[in-house]
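Keep the picture beside you as you read.

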Amino acid sequence: MANTLFTGKVYHCFDALPSTNDYARELLAKSKPPEGTVIRAASQSAGRGQYGSQWVSAANQNLTLSIILYPKWLATENQFRLSEAMALAVLEVATTLLPSTAAPVQLKWPNDIYIGKRKTAGILIQNTLNGHFLQSSIVGIGLNVNQLAFPPEAPNATSAAVVAGRMFDLDTVADTLFECVEQRYLQLKNGNIEALRADYHRHLLGLGEQRTFLRPDGSSFSGVIQEVAPDGRLVIQTNTGTELFAVKEVQFA
């Protein structure tokens, strides 16, 4: 059992679901599950990543789950802070699984987790709003743990087992994840926004480095990531000045 106050205390486990986020949304529509309720599936047939992309995960080899939270104290303009906190939690879990000689674990904006140059986890957060504050959040997490081979549609993927050279107990990894999620969530709730923001930037892939980026029309440009703005937009210094990009407005070349 995870050493938590509320995360994972209510725990729904399934052999298969279309999407754990969809199941969580249905739960919220019908009732008010306790904060920290977890929906976990050994297999997802319609798992989703950020902004409509598909999340591909082999059955019984990885963690695919959703956590229901109620950050009613978080203003809508600060909702990216929750994304930062959850990304840091997943990064910390991935770090605990790897040997010290492994490539660094980093955050690729906005909240993907990379080991070296390969993606090992993704997060999809779906918020509902109540006026100027959040009402509920579904935090969907896909973490590649034991999968050793990946399909062509995920050419850049890796897992903890690939990097560490050994398999892991998924239940134990899940318990660690719940602990890290709760710690970071409570840090946010306690108002430690600047500390979270500093940690996020400390692990941000490409920060301060000259990189090539692509615009939606396919044109490329060179620039340096300066920071991620409080609203979640990526701040890049280009030859023509400072530009801010929302997700899907820019990608790494």
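**The core**

Please remember that this is a predicted model. In soluble globular proteins, nonpolar side chains tend to be buried together. Here, the largest nonpolar core has 58 residues, and those with the most contacts inside it are Leu63, Leu82, Met86, Ile141, Leu177 and Tyr200. Helix α2 gives the most to this core, with twelve residues. Apart from it lies another core of eight residues, including Leu17, Ile39, Ile68 and Ile138.

If we leave aside its neighbours within four places in sequence, Met86 touches Leu69, Ile123, Ile125, Val139, Val181 and Tyr185.

**Helix α5**

Next, look at α5, which covers residues 193-202. Its buried residues are Leu196, Arg197, Asp199, Tyr200 and His201. They pack against α2 (80-97), β4 (105-108), α4 (170-189) and β9 (220-228).

**Charged pairs**

The structure holds eleven salt bridges. Three of them are listed here.

| Salt bridge | N to O distance |
|---|---|
| Glu84 and Arg81 | 2.8 Å |
| Asp199 and Arg184 | 3.0 Å |
| Lys119 and Asp112 | 3.3 Å |

Glu84 and Arg81 both sit in helix α2, three residues apart, about one turn of the helix. An α-helix has 3.6 residues a turn, so residues three or four places apart point the same way. Glu84 is buried at 0% relative accessibility, and Arg81 is buried at 3%.

Asp199 belongs to helix α5 and Arg184 to helix α4, so this pair ties together parts that are 15 residues apart in sequence. Both Asp199 and Arg184 are buried. They also take part in a network of salt bridges that links Glu92, Arg184, Asp199 and Arg202.

**Cysteines**

How many disulfides does the structure hold? There are zero. The sulfur of Cys13 has its closest cysteine sulfur in Cys180, 18 Å away, so the two are too far apart for a bond. Cys180 itself is buried, at 9% relative accessibility.

**A patch on the surface**

Finally, step outside. Leu148, Val162 and Met167 form a nonpolar patch on the surface, with about 280 Å² of accessible area together. Leu148 lies in the loop between β7 (133-143) and α3 (160-164), and Leu148 is exposed, with a relative accessible area of 52%.

Methods:
Residues numbered from 1 in each chain as written. Predicted model: local features only at pLDDT ≥ 70, side-chain atom pairs only at ≥ 80, totals over all residues. Heavy atoms only, no water. Patch = residues over 30% accessible without salt bridge, like charges linked within 9 Å, V, L, I, M, F, W, Y side chains within 5 Å. Areas by Shrake-Rupley, 256 points an atom, 1.4 Å probe, with all protein chains shown as cover. Salt bridge = Lys/Arg side-chain N within 4 Å of Asp/Glu carboxyl O. Helix = DSSP H or I, 4+ residues; strand = E, 2+ residues; numbered from the N terminus. Buried < 20%, exposed > 50% of the residue type's maximum accessible area, 1.4 Å probe, protein only. Contact = heavy atoms within 4.5 Å. Core = buried A, V, L, I, M, F, W, Y, C linked by side-chain atoms within 4.5 Å. Disulfide = S-S within 2.5 Å.
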